[in-house]
Amino acid sequence: MYDGRTNYIGGQWCAASNGATFPSLNPADTEQMIGIFARSGAEDVRRAVEAAEQAYPQWSRVPKPARAALLLRMGRLLEQNKEGLARLMVLEMGKVLEEARGDVQEAIDMAYYMAGFGRMPDGYVVPSERPDIYCAARRVPVGVVGVITPWNFPIAIPSWKIFPALLAGNTVVFKPSEETPGLACRFVELLIEAGLPDGVLNLVTGYGSEAGMALVEAKGVRVISFTGSTAVGKQIASRCGEQMKRVSCELGGKNAILVLEDADLELGCKGAVWGAFATSGQRCTAASRILVQRSIKPRFLQAFLEHVARLRVGSGLDPNVEVGPVINRHQLERIHEYVQIGKAEGAEVVMGGTVLTEGAYAKGCYYAPTVLDRVTPKMRIAQEEIFGPVTAIMEVDDLADALTTANATAYGLSLSVYTGDVRKAFRAIEQLEAGLVYVNLPTSGAEIQLPFGGVKQTGNGSREAGWVAMDYCTEWKSVYINYSEAGELVRAQIDTPVLSDGDSLSGGGEGRRP
Ligand code: NAD
């Protein structure tokens, strides 16, 4: 069990400089402590950033294939430790074991995918308009990257950010969520076992308003990669803007599944159940709105409720359970409050709507899978991210109405449409305002070889994963080399304009062009 020495700075495990700590609790039984962790502040962050700055010159000069080899070894270690990590994940943040294994698998996939990029092109050569000039552009690392992550994908999300950053030659300071510091420690322990050089990745555990904000403010940090709520993302982005610091934000969502009258209803139901209740609705891609075409609404709702009624709620270690606890008591209250807001706005609770407190639920943070019917677009429960096992049923007239309603929120992460008509599918792909669009699939289920991220208030245009994964932590450097023997200055655009007139094309420019 972790005992407070959970900062990893310059190759040493250490406590917070003022000795402060905080506990991490099991959401399925809040009397069970996962460990005690360093509650870091500005001084710890300063030391971590300094260590990362010191390690940067050497790490950025390590050949890229050798940096990739670290990720390859990390991938193998994640595979070997998959079960242990998954079980710790169930204990520390509550998702069910099968999903926890999927979370670790995503990091394994990312490690191997990124390792492959160690020998892929990282730039290009283009012809020059001038004779004897060589022109090339290449990616270069940015420097020290600050990584701030949420708790809901506690192994996958750090891997999306940290692996590309390390591969590109950056050094990193990692501030994980205060809800999942144990998993962050295990992640770093495995990277150390994989051969991480001292100072290349530094870990500071602690709270967002303390360690997190200190990282955003730290002078030596050149880029912040943040995943979390839109409210915090806005604060971070504006502070980064003032410092001219690069920032990548992956934020909240208000995702929807559109079920049209020509859809495979059973498939739509299964997708909606998974979309809405996987990870107890605590996914950024969770389907918290189900938009159903009016003509099939009664049939759909009945089938959907039958599925939801069968969901078993409990500890994620129980293989029969599909819905685990929510992350903490504060979130439990917030979810229940949203259901009350929905009722007051005129929605009807047709399933769930209660905090579960009896028997095995007594010590945990459990909420009954909840379905709200008669939800209309302007209601707060149709607009705001709830982040719990709650979904809203909304009626729509037709495809056009479904698309308008789906787009009518501030967010734009994941939208899905169930239809048997290819024309409607393509219309939806075209018009849905989201970073991820699914057809006949639920809103969750991203694969790491495609870009991941959202539009509108879900992000600031950056993307993770896919071959654009390195965009956030690299700069482009353009290089011009003159290898002419004539020893004369040839000015771009001035001495040899290529398309300014017919003369220059036919040998103008005083014989400089062959
Ligand atoms: P959160 O915003 O509360 O915290 C995220 C991280 O930011 C944590 O490490 C926290 O300590 C830190 N933090 C909090 N306040 C801070 C501050 N003032 N300065 C610096 N750091 C600060 O979010 P959460 O509850 O951990 O995660 C849930 C949210 O994350 C949801 O909104 C969800 O949609 C979003 N999310 C988005 C994606 C995506 O890719 N778009 C993926 C997963 C989760």
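Helix α5 is mostly covered: 13 of its 13 residues are buried. Buried here means under 20% relative accessible area, exposed means over 50%, and partly exposed lies in between (1.4 Å probe, protein chains only). The model is a predicted one, in which local features need pLDDT of at least 70 and side-chain atom pairs count only at pLDDT 80 or more, while totals for chains, interfaces and linings use all residues. Residues are numbered from 1 along each chain as its sequence is written, and side-chain values use heavy atoms, with hydrogens and water left out.

Helix α5 covers residues 156-168. From its first C-alpha to its last it reaches 19 Å, close to the 18 Å expected at 1.5 Å a residue. The expected span is 1.5 Å times one less than the number of residues. Gly169 follows α5 and has a positive phi, near 105°.

Helix α7 spans residues 208-217. Its buried residues are Ala211, Gly212, Ala214, Leu215 and Val216. These pack against two helices, α1 (42-61) and α8 (230-243). They also pack against the strands β8 (144-148), β9 (171-175) and β11 (221-227). Contact means heavy atoms within 4.5 Å.

Arg427 is found in helix α14, residues 422-431. Its relative accessible area is 40%, so Arg427 is partly exposed. Not counting residues up to four places away in sequence, Arg427 touches Leu399 and Leu403. Tyr366 lies 61 residues from Arg427 along the chain, and their C-alpha atoms are separated by 39 Å.

The chain as a whole has 15 helices and 22 strands. Both are DSSP runs numbered from the N terminus: helices are H or I with at least four residues, strands are E with at least two. Along its principal axes the C-alpha trace spans about 85 × 60 × 40 Å.

Of the 514 residues, 55% count as buried. Among contacts between residues at least 6 apart in sequence, 73% join residues at least 24 apart. The accessible surface comes to about 21,500 Å², and 53% of this belongs to carbon and sulfur atoms. Areas come from the Shrake-Rupley method with a 1.4 Å probe; for residues, only the protein chains shown count as cover.
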